[in-house]
Amino acid sequence: MGILKIALYLILAPFIGGLLAGIDRKIGARFQGRQGPPLLQPFYDLFKLFEKQSLVVNGVQDFFVGGYFIFVLFTGCLFFIGGDLLLVCFALTLAEVFLMMAACSANSPYSAMGSQRELLQMMAYEPMLLLTAIGFYIATGSFMVEDIARSNVSPIVYLPGMFFGFLYILTIKFRKSPFDISTSHHAHQEMVKGITTELSGNILALVELAVWYEDVLLLGMIGLFIVNMKWWSFLIAAAVCLIAYILETFVDNLFPRVKWDSMLKSTWLVTLVAGGVNLLILTLVR
Amino acid sequence: MNISKSPWLLHYDGSSCNGCDIEVLACTTPVYDVERFGVVNTGNPKHADIFLITGGINSQNREVVKQLYSQMPDPKVVVAVGICACDGGIFKECYNILGGVDTVIPVDIYVPGCAAKPESIIDGVVKAVALLDKKRAAMKAGKTPASQKEE
């Protein structure tokens, strides 16, 4: 059963992630009154990148990008077979560190600044990510994803504040507009291309693919707030995931980019107020 | 799967009067919307497939153009947009102008006009995209790309 889940995740996640990216680009274009690219455009881009020559800046960079890819996949598998949520958080952080190191290894100011900003982003979202894991533990009595998914009532009943806080950091994790300071998926923007400036060809394609896997994993975490014993709760979870993603697209298109200090302040404020108060009430109630 | 389904552009302004640059940017606006064909204006040579240059080459931007070209991964196509990029145009006789883009790097597609119309720029990009597929096929067949032979 575990192997089946891993196989399903490894095969389906890129398709879901790519389709979501296509929907995102389509909605973004419609916001600007354009027709926009075909829905499958992200897949065309990915195949194109795999076909291109890769200009390797140094040997270490490939290794780090490979590490990023493997650890994102590892994290996703761990989550979807029902592993430890804390381990998922830490493995995801490790994956991000690999990407940052890849950007740092190149001798480009844009790439280096991108990785510094990525570090700031991690500083901003990491507390909320850990608080969410702790919230799940207090609400359901377990850190294991499979136990949380089998609880009697949906965890969101106990964790509405955590859910809001997680949605807030999701904007950073998806690299959506107010907080896409390290790299932007829109063309011709933040510091050339931030952390991916020095990556090209199939190495860039690998990063793109890893981002899709990561997106599906993060949406899985959104779904974890909704699921319970009942089978139909999974359908509601899928719908909520889709709504959350489209909400992020709207936010992306409606808000201008902020400076790093406003990002850090606002994220920690949300973490403290939404996450902290939720945790406080939960510890008093349970 | 064709590589031509996702052509990413790098736009560089040599020493043009900005007329052609405005027309290049007009291609990405809602009226023309080249993103319908997957065209993205990247601004990063390492991600680009098509190098769009407007304006002639002068002694200062000569090295810049060379470096941008060398940083683009193969297969790549160069499109000279506007008469200045084609052969120097109105600035041809100036003391600092070396001539068109082809004086420093090999140009594949010439788009004339002063300023080049968005329609003709799109036409040039479409031709460039077809060439991109050919170059990819040649690379797969084991031929060394022209850009690597020179170095």
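Biologist: In β3(B), which residue is the bridge partner of B:Tyr12?

Modeller: The bridge partner of B:Tyr12 in β3(B) is B:Ile53. Strands (E, at least two residues) and helices (H or I, at least four) are DSSP runs, numbered from the N terminus, and two strands pair if DSSP finds at least two bridges between them. This is a predicted model, in which local features need pLDDT of at least 70, side-chain atom pairs count only at pLDDT 80 or more, and totals for chains, interfaces and linings use all residues. Residues are numbered from 1 along each chain as its sequence is written, while chains are lettered from A and ligands numbered from 1 in the order in which they are written.

Biologist: How many bridges join β1 to β3 of chain B?

Modeller: Five bridges join β1 (residues 8-13) to β3 (residues 50-54), and these strands of chain B run parallel. B:Leu9 stands opposite B:Ile50 in β3(B).

Biologist: In what order do the strands of the open sheet lie?

Modeller: The five strands follow the order β2-β1-β3-β5-β7 in chain B, with parallel pairing. At the edges are β2 (40-41) and β7 (109-111) of chain B, each pairing on one side only.

Biologist: How is the packing of two helices described, and what is the case for α5(A) and α7(A)?

Modeller: Two packed helices are described by the angle between their axes and the distance between the axes. Axes are lines fitted to C-alpha atoms, for helices over the stretch in contact, and angles run from 0 to 180 degrees between N-to-C directions. The axes of α5 (residues 109-140) and α7 (residues 160-173) of chain A come within 9 Å and cross at roughly 145°.
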